[in-house]
Amino acid sequence: MTVRAAFSRHLDRPVTTSAPVWDCPFNHTDGLEFDPLLKRLLTEAPIARIRLPHGEGEAWLTTRYEDVRIVTTDRRFSRAAGIGRDLPRMTPAPIAQAEAINLMDPPGHNRLRRLVAQGFTNRQVERMRPATQRIVDGYLDEMAEHGSPADLVHFLSSRLPLTTICELLDIPEQDRAELRGHAVAMMTMGPGSRAGQEAAKAALRGYFTELTAARRAHPGEDLLSALATARDGDELLDDQELAVMAMVLLVTGHDTSTYQLSNITYTLLTHPEQLAKLRAQPDLLPRGLEELLRFIPFRQGVGIARVATEDVELGGVLIRAGEAVHVSYLTANRDPAMYERPDELDLDRGAPTHMAFGHGQHHCPGAHLARMELQVAIGTLLRRFPGLRLAVPPSELDWHTGSIWRYPRTLPLAW
């Protein structure tokens, strides 16, 4: 179905121009249970008018898979049109910056995307697999030497993705812990966290402004050097684009994988039938990971809003030019119109259509890298520790709250 056909399929329905406003704190923190408010919206109001904790006014929220697909691919919904506006959002301060690729529209977005994609091709990621395997083996050697029980977050989850992206960017080892702290602070949602958010963003920007200037003057073999010297036609990235791009790569290059390593391990250990299936069929791992990514609600609420650049009719709702529109990738991944038994984990399903890495032009450019890290880490963990189990009851785990991410602060494992 074409985008235009998708819009026109509802023309025989009455068009709604206003709707009741749902108050959406999106602060459900019960482990990895799916947020019941999001489930209600998907079921009762798939295109809803919502109020978020921060920002001015209200926004539309689309929750069905097909509607999310349309909003993320139709150019009448623009991220760049929201620059300079205090749009409804989850965090006290906006996370993205005006020069960031994740606020750009074509054709500017396409230029940066082409440059960044040079560092994340399938071939380049596969070249990194042996080194990633060696890193994982070393971390799990340390865990085995420590003995049972051991905290997976300490030995693996908090280390592997950060090490991988920092090696790719050639960030000095002595700087990595501080940069990680800034990345965490940027995602904070709690009361009084705005100042810390803005300070962390400024610190990251200052750091990468200096680092990328040095790489432009004295390029090496790393991805930042490649971006600093790469040309798209006659154009180079300007200094601010390059610094902000480095920030985006650091933060997005390790955040999701860090939390998903723990979340995936926890989910497998609390679904013993699926774990047994994976142990019996190791070749199932790549497909099984796609299903785990679809199933796990790894974040809170919604991300970056888009703005309608003209009046658009979507699903029987008229979205006016200038109105903010959010999408929920989480509910798209649980849409019964797209997936049978969407609330069940079934590793045989294999769902490469999922939206865990976003969709459309802002699909995560590092998705190949994240998949490779997860395949190596989870596969090796299950092989090395055949009797792996939670060392405490699930009810005793301490789940992180107060940011957009959902994950256990520690994950004690026994074997």
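## Strands around S9

Strand S6 (residues 306-308) pairs with S9 in the antiparallel sense, over two bridges. Strands here are DSSP E runs of at least two residues, helices are H or I runs of at least four, and both are numbered from the N terminus. Two strands pair if DSSP finds at least two bridges between them. Arginine 306 has valine 325 in S9 as its bridge partner. This is a predicted model: local features need pLDDT of at least 70, side-chain atom pairs count only at pLDDT 80 or more, and totals for chains, interfaces and linings use all residues. Residues are numbered from 1 along each chain as its sequence is written, and side-chain values use heavy atoms, with hydrogens and water left out.

S9 (residues 324-327) also runs parallel to S3, joined by three bridges. Tryptophan 60 has valine 325 as its bridge partner in S9. Threonine 62 has valine 327. Ala324 and His326 point one way from S9, Val325 and Val327 the other, and all are buried. Buried means under 20% relative accessible area, exposed over 50%, and partly exposed in between (1.4 Å probe, protein chains only).

## Strand S3 and its other partner

S3 spans residues 59-62 and is covered on both faces. Ala59 and Leu61 are buried on one side, Trp60 and Thr62 on the other. Strand S2 (residues 47-51) pairs with S3 in the antiparallel sense over four bridges. Isoleucine 50 has alanine 59 in S3 as its bridge partner.

## A three-stranded open sheet

Another topic is the sheet with the order S5-S11-S10, which is open and has antiparallel pairing. Its edge strands are S5 (150-151) and S10 (389-390), and each pairs on one side only. Two bridges join S5 to S11 (residues 412-414). Alanine 150 stands opposite leucine 413 in S11.

## Covered helices

Helix H3 (residues 65-73) is mostly covered, with seven of its nine residues buried. They are Tyr65, Asp67, Val68, Arg69, Ile70, Val71 and Thr72.

Helix H13 (residues 285-295) is mostly covered too, with nine of its 11 residues buried. Among them are Glu290, Glu291 and Arg294, as well as Leu292, Leu293 and Phe295. The buried residues of H13 pack against helix H11 (239-269), helix H12 (272-280) and helix H15 (367-384).

## The second largest pocket

The second largest pocket has a volume of about 330 Å³. Of the 18 residues that line this pocket, Gln124, Met128, Thr164, Glu167 and Leu168 are the closest to its centre. Helix H5 (122-146), helix H7 (160-169) and helix H10 (223-229) are the elements that give two or more residues to the lining. H5 gives the most, with six residues.

A pocket is an open set of points on a 1 Å grid over the protein atoms alone, where a 1.4 Å probe fits, with protein on both sides within 12 Å along at least five of seven lines; lining residues have an atom within 4 Å of a point. Its volume is the space filled by probe spheres set on the points, which are joined across faces, edges and corners. By class, the lining has nine nonpolar, five polar and four charged residues. Nonpolar covers Ala, Val, Leu, Ile, Met, Phe, Trp, Tyr, Cys and Pro; charged covers Asp, Glu, Lys and Arg; the others, Gly among them, are polar.

## Confidence

The mean pLDDT (the predictor's confidence in each residue, from 0 to 100) is 91, and 94% of residues reach 70 or more. Over residues 1-13 the pLDDT is below 50. Beyond near neighbours in sequence, this stretch has 26 contacts in the model, a contact being heavy atoms within 4.5 Å. Where pLDDT is low, predicted coordinates should not be read in detail.
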